[in-house]
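The stops below go from one selection to the next.

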Amino acid sequence: MRLLFIFFLLFSTISFSQEELFVDPEEPAGFPGGHSAFRKYLVENMKYPQDALDRGITGKCYVSFVVDTNGVCKDFKVIKGIPDCPSCDQEAFRLVKLMPKWNPGLLNGKPIPKLYRVPIVFKTY
């Protein structure tokens, strides 16, 4: 049986409000429970597309989203998909769209919206 491993690298790009761009908030938005909880969420919820498994397709799919001032994730976009594997892109989109509320980022003690880009790696071993 194949073991499936899902790797991710969560990093922020640019935060924004309606009038200003924020590069480095005091406290970035975060998945409840931190990076290890996010990794666990991905592992437990990913459904590696069967067509990708059958064809041996691996790669990274980059999905962006905004964590708003209430911690709600919205404005999801696949910004770079895996060539020849729309089902991987759809799965990455599904995973981030189903995420729970995050802890919002803070600037001067006030919540701010924050743009994130998450690369989700599809790889088999």
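Select Trp102 to begin: at 2% relative accessibility this residue is buried (buried means under 20% relative accessible area, exposed over 50%, partly exposed in between, with a 1.4 Å probe and protein chains only). This is a predicted model, in which local features need pLDDT of at least 70 and side-chain atom pairs count only at pLDDT 80 or more, while totals for chains, interfaces and linings use all residues. Residues are numbered from 1 along each chain as its sequence is written, and side-chain values use heavy atoms, with hydrogens and water left out.

Next, show all Phe, Tyr and Trp side chains. The structure holds eleven aromatic pairs; rings of Phe, Tyr and Trp (its six-membered ring) pair if their centres lie within 6.5 Å, and planes under 30 degrees apart count as stacked, over 60 as edge-to-face and the rest as tilted. Phe65 belongs to strand β4 (residues 59-67) and Trp102 to the loop between α3 (86-97) and β6 (105-107), so the pair links distant parts of the chain, 37 residues apart. Helices (H or I, at least four residues) and strands (E, at least two) are DSSP runs, numbered from the N terminus. Phe65 is buried, at 0% relative accessibility.

Move to Phe76 and Phe93, another edge-to-face pair, with ring centres 6.1 Å apart and planes at 75°. Phe76 is in strand β5 (residues 73-80) and Phe93 in helix α3, so parts 17 residues apart in sequence are tied together. Phe76 is buried at 16% relative accessibility, whereas Phe93 is partly exposed at 28%.

Now extend the selection to Phe31, Phe38, Tyr41 and Tyr116, which form one aromatic cluster with Phe65, Phe76, Phe93 and Trp102.

Then select helix α1 (residues 34-45). Its end C-alpha atoms are 17 Å apart, which agrees with the 16 Å that twelve residues should span at 1.5 Å a residue (the expected span is 1.5 Å times one less than the number of residues). Which residues of α1 are buried? They are Phe38, Tyr41 and Leu42.

Last, select the sulfur atoms of Cys61 and Cys88. The structure holds zero disulfides (pairs of cysteine sulfur atoms within 2.5 Å). For Cys61, the nearest cysteine sulfur is that of Cys88, 7.7 Å away.
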